[in-house]
Amino acid sequence: MNIYLDLFATFFRIGLFTFGGGLAMLPMLEKEVVNNKGWATYDELVDYFAIGQCTPGIIAVNTATFVGYSQKKIKGAAIATFGVVAPSLIIIILIASLMTSFASLEIVQHALAGIRIGVCVLIGQAVWKMIRTGVKDLYGLIIFFVILLASYFDLLPVVLCVVLAMICALIYCWIVKKKTGISPSVKFANSGVPQKRQKENADQQDSSVQKEGDPQ
């Protein structure tokens, strides 16, 4: 299948069957983008989410843009973005005008209640998996709980929580690299990376080492 058509179709499906915003979309993104298509690793997907939280716009749209750009630059970003927003545009145009007439029906209320429960489960699953994969050491666990308490009790604005966590991580990596000569990120460089990509990275490293060792 053409990569542009594949990007559009994939993100159209994600946008069509996802309720509850960005975090609820993460399980489906993982299945389609990471497992089925191999367009990103899970760690890269979480990075896209983190960047999407810090940049203007809806996190789901931002993530689609980042994934599309990673595949086919600006054209890929535009097509992936259009694919993820197209279902919402169609639904708004065709259904939203009729929703007010049916919103009071009992069957519609029950259906929406069931959707809300499903969204809670998807968000809970996404949060739990992000904790398991994102918190890699004791220092990360400390940052997690500090930021969790600060945001839960409204001690700091969400934007400031994100910036504070980033600054703490940078300081930690700088201190560890200064003491050991190795950044903590290197330890988890291949975390979540498929074996095929690991082999490609190893081959690239071997070839670069051979080039450096060749006589001039």
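1. A word on terms to begin with: helix axes here are lines fitted to C-alpha atoms over the stretch in contact, and angles run from 0 to 180 degrees between N-to-C directions. Please keep in mind that this is a predicted model, in which local features need pLDDT of at least 70 and side-chain atom pairs count only at pLDDT 80 or more, while totals for chains, interfaces and linings use all residues. Residues are numbered from 1 along each chain as its sequence is written, and side-chain values use heavy atoms, with hydrogens and water left out.

2. On the overall fold, the protein chain has nine helices and zero strands. Helices (H or I, at least four residues) and strands (E, at least two) are DSSP runs, numbered from the N terminus. Read from that end, the order of elements is α-α-α-α-α-α-α-α-α.

3. Next, burial and surface. Of the 216 residues in the protein chain, 25% are buried (under 20% relative accessible area, with exposed meaning over 50% and partly exposed in between; 1.4 Å probe, protein chains only). The chain exposes about 14500 Å², and carbon and sulfur atoms supply 68% of that area (Shrake-Rupley method with a 1.4 Å probe).

4. Contacts tell you about sequence separation too. Taking contact as heavy atoms within 4.5 Å, 53% of the contacts between residues at least 6 apart in sequence join residues at least 24 apart.

5. The helix pair I would look at is α6 (residues 138-152) with α7 (residues 158-180): their axes come within 10 Å and cross at roughly 160 degrees. The two helices are therefore roughly antiparallel (angles over 145 degrees). Their crossing is right-handed, a term used if the near helix is turned clockwise from the far one by less than a right angle.

6. Who makes this contact? From α6 come Y139, I143, I147, A150 and S151, and from α7 come C161, L164, A165, C168, A169 and Y172. By type, these residues are 10 nonpolar, one polar and no charged (Ala, Val, Leu, Ile, Met, Phe, Trp, Tyr, Cys and Pro count as nonpolar, Asp, Glu, Lys and Arg as charged, and the others, Gly among them, as polar).

7. Do have a look at L155, in the loop between α6 and α7. L155 counts as exposed because its relative accessibility is 60%. Apart from neighbours within four places in sequence, L155 is in contact with L149 and A150.

8. Finally, T10 sits in helix α1 (residues 3-16). T10 counts as buried because its relative accessibility is 0%. Not counting residues up to four places away in sequence, T10 touches E32, K37 and W39.

Terms used
Angles under 35 degrees count as roughly parallel, over 145 as roughly antiparallel, 65 to 115 as roughly perpendicular and the rest as oblique.
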